[in-house]
Amino acid sequence: MKAEADAGLDTTPLTVTSTRAEMREFTTRVLGRRRRWNVWVGLLVLYLVATAAVAALVLVALILGALGTGALAERLRDHTLLLSAGTAACLVAAVFIWVAHRIKGNQEELFRLHRFAAANGFDFAPEVKEPDLPGLIFQRGTLRRCSARLRRFGPRPLEVADYTAWIGKGRAGESLHWSYFALTLDQRMPQIVLDARADEGRLLGSTLPVQPAQDRRTPLGGPFEEAFRLFCPPEAEGWARSLFTPDIVARFVGPGKTAFDVEVVEDRLFVYSHLRSLSCCDPRTWRWMSETADALYARLEDLNDKVATPDPVGAESEAAERPIGLAPPYARLRRPFPVTALVPLLVMVGVWAVALAA
């Protein structure tokens, strides 16, 4: 298979299926999971408890259904225990198979990302609890964690991960899901936020969990004035406008009405995604992130060296003619349908057919 090189990245590991031996070594050595007899005993107990609970519900439903008259109701009364136990056992087995299929698919994605990280000089961490990051999305909630985190060090550092947290609201709550990639700046900066409105999310078109102060709203200018809102302190307006020129902002626009939020805080630049995972197995997404990171680093180096930035008018016309670096459509890892989950359902149909025909 020909290796696919996207912006200096070898993305072949993202598309090659793992072998059983590779997955066994990965789950044991990297994820730290070993198959032990007590795990299987726990699964068996869980299966029996779930089966008993579902059987009780099915039994009540069958008793209510058997209150009618006719031959069908009589057969239901005669085979109530068999039907309830058989139906529950088959339904729970099908759910177990489906859950195992999902877990296997998630582990396959993690393995491919781990292999991709090794091939491209990234450090890989399956999970990082309570990450110490300064951005807007990292300062709220509990049970905060980053998953599938890849970090590259060197002259142009890059960090990519998915982030989740739990936000408590009264007796209930909600789960916060974000994905991001981050760059490291050479200097500390005040907070600057480029808030995307094209995604038509909450809070008047914004999906950010915390809104910047409205008195720091600054006109962005250019063709993306309606799609993005710029927030920054007065002393950083010139720097922010020099960074977020139309050719750079065009890279944060995705297909349809999706867009990405950007935050500069302390010595970090974060690009946030609320609707899709960035730490994924899609080569196009990694090519876009790599090219966007390179473009941002090049612009930051120009700003640090005090080189004149491109004329906004010229940049606007160029972006209008040929928007570059548009985020690709999101493509998840394809997972075949678990055909084995149909076996318990077919057995259940057979149990019902035999019971009602007797």
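Buried denotes a relative accessible area under 20%, exposed over 50% and partly exposed in between, computed with a 1.4 Å probe on protein chains only. The model is predicted, so local features need pLDDT of at least 70 and side-chain atom pairs pLDDT 80 or more, while totals for chains, interfaces and linings use all residues. Residues are numbered from 1 along each chain as its sequence is written, and side-chain values use heavy atoms, without hydrogens and water.

**View A. Ser 18 in the loop between β2 and α1.** Ser 18 occupies the loop that links β2 (9-10) to α1. With a relative accessible area of 13%, Ser 18 is buried. Its side chain forms a polar contact of 2.6 Å with that of Glu 108 (N or O atoms within 3.5 Å, one able to donate a hydrogen and the other to accept it; residues adjacent in sequence count only through side-chain atoms on both sides). Beyond neighbours within four places in sequence, Ser 18 is in contact with Met 23, Glu 108, Phe 111 and Arg 115 (heavy atoms within 4.5 Å).

**View B. Crossing of helices α1 and α4.** The axes of α1 (residues 20-29) and α4 (residues 80-120) come within 11 Å and cross at roughly 85 degrees. The two helices are therefore roughly perpendicular (65 to 115 degrees). Glu 22, Met 23, Phe 26, Thr 27 and Arg 29 of α1 meet Gln 107, Glu 108, Leu 110, Phe 111, His 114 and Arg 115 of α4.

**View C. Helix α4 and its end.** The 41 residues of α4 reach 60 Å from first C-alpha to last, close to the 60 Å expected at 1.5 Å a residue. Just after α4, Gly 121 adopts a positive phi of about 75 degrees.

Technical notes:
Axes fitted to C-alpha atoms, helices over the stretch in contact; angles between N-to-C directions. Helix = DSSP H or I, 4+ residues; strand = E, 2+ residues; numbered from the N terminus. Parallel < 35°, antiparallel > 145°, perpendicular 65-115°, else oblique. Expected span 1.5 Å × (residues − 1).
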